[in-house]
Amino acid sequence: MDDKQVMRAQETYRINQIQTASREQLLLITYDIGIQACKSGEDAMRRGDVEGSNVALQRAQSVIRELMVTLNVEVGGDVAQQLMSLYEFLYYELVHANVHKDVDQLGNVRSMLQELRQTWQEVAEKLRAEEQDDVMVEEPAAKTVNMVAVGGRPLLQGGLNIAG
């Protein structure tokens, strides 16, 4: 298998993964893409590949914008507002790291994304466990659980756009 075939196979796998993912899984995939873009940017900066680091950091910026767009701040209250502020901070840190080719600053952004991803994964696991307990104890029919709900309404909304 040549490199192009491998890349097509990986792309097909990712598309299938996204099309069959739950809202929670989509959020984690989004974080994974952002983390990987930061890693690629760090590697490119260390190699002195200005164009490669720019492309990787623009992709990471796109991920942060997607996280911002899918955040429901009207429903999420203070938690959503604080998360939006954090996303804005991360976005501007990425811009600054890109302009100044600051690998340490980019590493800090990657670390924060990894911590956020871990937190969301723990929330998703807890909600899944609670849903299973609810279904087993009181409800025979399955119900949908949103990533984080405030007053019964989802904190996260929308889909995932990873093109570009």
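Analyst: Below, each label is set against its definition.

The model is predicted, so local features need pLDDT of at least 70 and side-chain atom pairs count only at pLDDT 80 or more, while totals for chains, interfaces and linings use all residues. Residues are numbered from 1 along each chain as its sequence is written, and side-chain values use heavy atoms, with hydrogens and water left out.

User: How many helices and strands are there in the protein chain, and what makes a run count as one?

Analyst: The protein chain has 5 helices and 2 strands, in the order α-α-α-α-α-β-β from the N terminus.

User: Which residues make the contact between α2 and α3?

Analyst: Among them are Leu27, Tyr31, Ala37 and Met45 of α2 and Ser53, Leu57, Val63 and Leu67 of α3. Contact means heavy atoms within 4.5 Å. By class, the contact of α2 with α3 has 12 nonpolar, 6 polar and 1 charged residues. Here Ala, Val, Leu, Ile, Met, Phe, Trp, Tyr, Cys and Pro count as nonpolar, Asp, Glu, Lys and Arg as charged, and the others, Gly among them, as polar.

User: How do you know that α3 and α4 are roughly antiparallel as well?

Analyst: Helix α3 (residues 50-69) and helix α4 (residues 73-100) pack at an angle of about 170°, with their axes 10 Å apart. The pair is therefore roughly antiparallel. By class, the contact of α3 with α4 has 12 nonpolar, 5 polar and 2 charged residues.

User: What does Met68 touch?

Analyst: Met68 lies in helix α3. Leaving out residues up to four places away in sequence, Met68 touches Met84, Tyr87 and Glu88. Met68 and Tyr87 are 19 residues apart in sequence, yet 6.5 Å apart in space, C-alpha to C-alpha.

User: Why is the pair of Tyr91 and Tyr92 called edge-to-face?

Analyst: Rings of Phe, Tyr and Trp (its six-membered ring) pair if their centres lie within 6.5 Å; planes under 30 degrees apart count as stacked, over 60 as edge-to-face and the rest as tilted. By this rule there is 1 aromatic pair. The ring centres of Tyr91 and Tyr92 are 5.5 Å apart and the planes stand at 90°, so the pair is edge-to-face.

User: Are those two tyrosines, Tyr91 and Tyr92, buried or exposed?

Analyst: Buried means under 20% relative accessible area, exposed over 50% and partly exposed in between (1.4 Å probe, protein chains only). At 18%, Tyr91 is buried; at 58%, Tyr92 is exposed.

User: What makes Lys101 partly exposed, and where is Lys101 found?

Analyst: Lys101 has 31% relative accessibility, so it counts as partly exposed. Lys101 is found in the loop between α4 and α5 (103-137). Its phi is positive, about 50°, although Lys101 is not a glycine.

Methods: Axes are lines fitted to C-alpha atoms, for helices over the stretch in contact, and angles run from 0 to 180 degrees between N-to-C directions. Helices (H or I, at least four residues) and strands (E, at least two) are DSSP runs, numbered from the N terminus. Angles under 35 degrees count as roughly parallel, over 145 as roughly antiparallel, 65 to 115 as roughly perpendicular and the rest as oblique.
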